[in-house]
Amino acid sequence: MYYLKIKIPNTIYRIAQLLEILVSVLVILAILLSFATIFHQLGLMTADPSDADGLQAFLSTAFTVVIGIEFLKMLSRHNMGSVVEVLLFAISRQMVIEHTSPAENLLMVAAIAALFLIRKFLFIPGLDDKQTLTVPHTKEPYEEHVGAGK
């Protein structure tokens with residue numbers, strides 16, 4: 001029974017961690033390869049600075065690389081703040097790069113506003129801290145504070 005309750009879930013969790021590390025390494029490789037594309041597009045832009053399509057392609061690639069970097073941070077940090085940041089960048093990229101309708105723009109602005117409101121009012125950074133919980137307005141760990149009142 002111990003094997004079913006403890007060993008198998010722990011093994012699955014470790015496999016998931018290894019797969020997450022593998023994905024992170026692949027994302028790092030993709031980001032590094034994307035830098036070559038960015039430099040190539042930058043060279044094309046210097047040859048013809050008036051090319052608006054070249055600027056749009058450059059911005060699209062640059063935004064994609066930034067989103068990849070934020071995604072990599074999200075994979076390594078495992079907190080809500082990095083998830084909100086990835087969503088903010090993804091929605092911002094969509095607004096800047098794509099030619100969207102006014103209704104889509106309104107929805108994206110509302111989504112960004114909702115993310116900022118979530119980050120401002122609903123996001124509690126202490127919940128992401130897995131080290132120790134502290135009692136508000138004190139620096140003592142929760143266990144010590146409760147134990148002191150007994």
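How many helices and how many strands does the chain have?

1. The chain has five helices and zero strands, and its order along the sequence reads α-α-α-α-α; helices (H or I, at least four residues) and strands (E, at least two) are DSSP runs, numbered from the N terminus. The model is a predicted one, in which local features need pLDDT of at least 70 and side-chain atom pairs count only at pLDDT 80 or more, while totals for chains, interfaces and linings use all residues. Residues are numbered from 1 along each chain as its sequence is written, and side-chain values use heavy atoms, with hydrogens and water left out.

2. Of the 150 residues in the chain, 19% are buried, where buried means under 20% relative accessible area, exposed over 50% and partly exposed in between (1.4 Å probe, protein chains only). Among contacts (heavy atoms within 4.5 Å) between residues at least 6 apart in sequence, 51% join residues at least 24 apart.

3. The largest nonpolar core consists of six residues, Val84, Leu88, Ile91, Met108, Ile112 and Leu115, and helix H3 (80-97) and helix H4 (102-122) each supply at least two residues of this core. A nonpolar core is here a set of buried Ala, Val, Leu, Ile, Met, Phe, Trp, Tyr and Cys residues joined through side-chain atoms within 4.5 Å. Apart from this core lies another, of five residues, among them Ile31, Ile38, Phe58 and Val65.

4. H3 and H4 pack at an angle of about 160 degrees with their axes 10 Å apart, the axes being lines fitted to C-alpha atoms, for helices over the stretch in contact, and angles running from 0 to 180 degrees between N-to-C directions. The two helices, H3 and H4, are therefore roughly antiparallel to each other, a term that applies to angles over 145 degrees.

5. On the H3 side, the contact is made by Val84, Glu85, Leu87, Leu88, Ile91, Ser92, Gln94 and Met95, and on the H4 side by Asn105, Met108, Val109, Ala111, Ile112, Leu115, Phe116 and Arg119. Isoleucine 91, not counting residues up to four places away in sequence, touches Met108, Ala111, Ile112 and Leu115.

6. Serine 82 lies in helix H3 and is buried, with a relative accessible area of 0%. Leaving aside neighbours within four places in sequence, serine 82 is in contact with Met74 and Arg77. The C-alpha atoms of serine 82 and glutamate 70, which are 12 residues apart along the chain, are separated by 7.2 Å.

Technical notes:
Angles under 35 degrees count as roughly parallel, over 145 as roughly antiparallel, 65 to 115 as roughly perpendicular and the rest as oblique.
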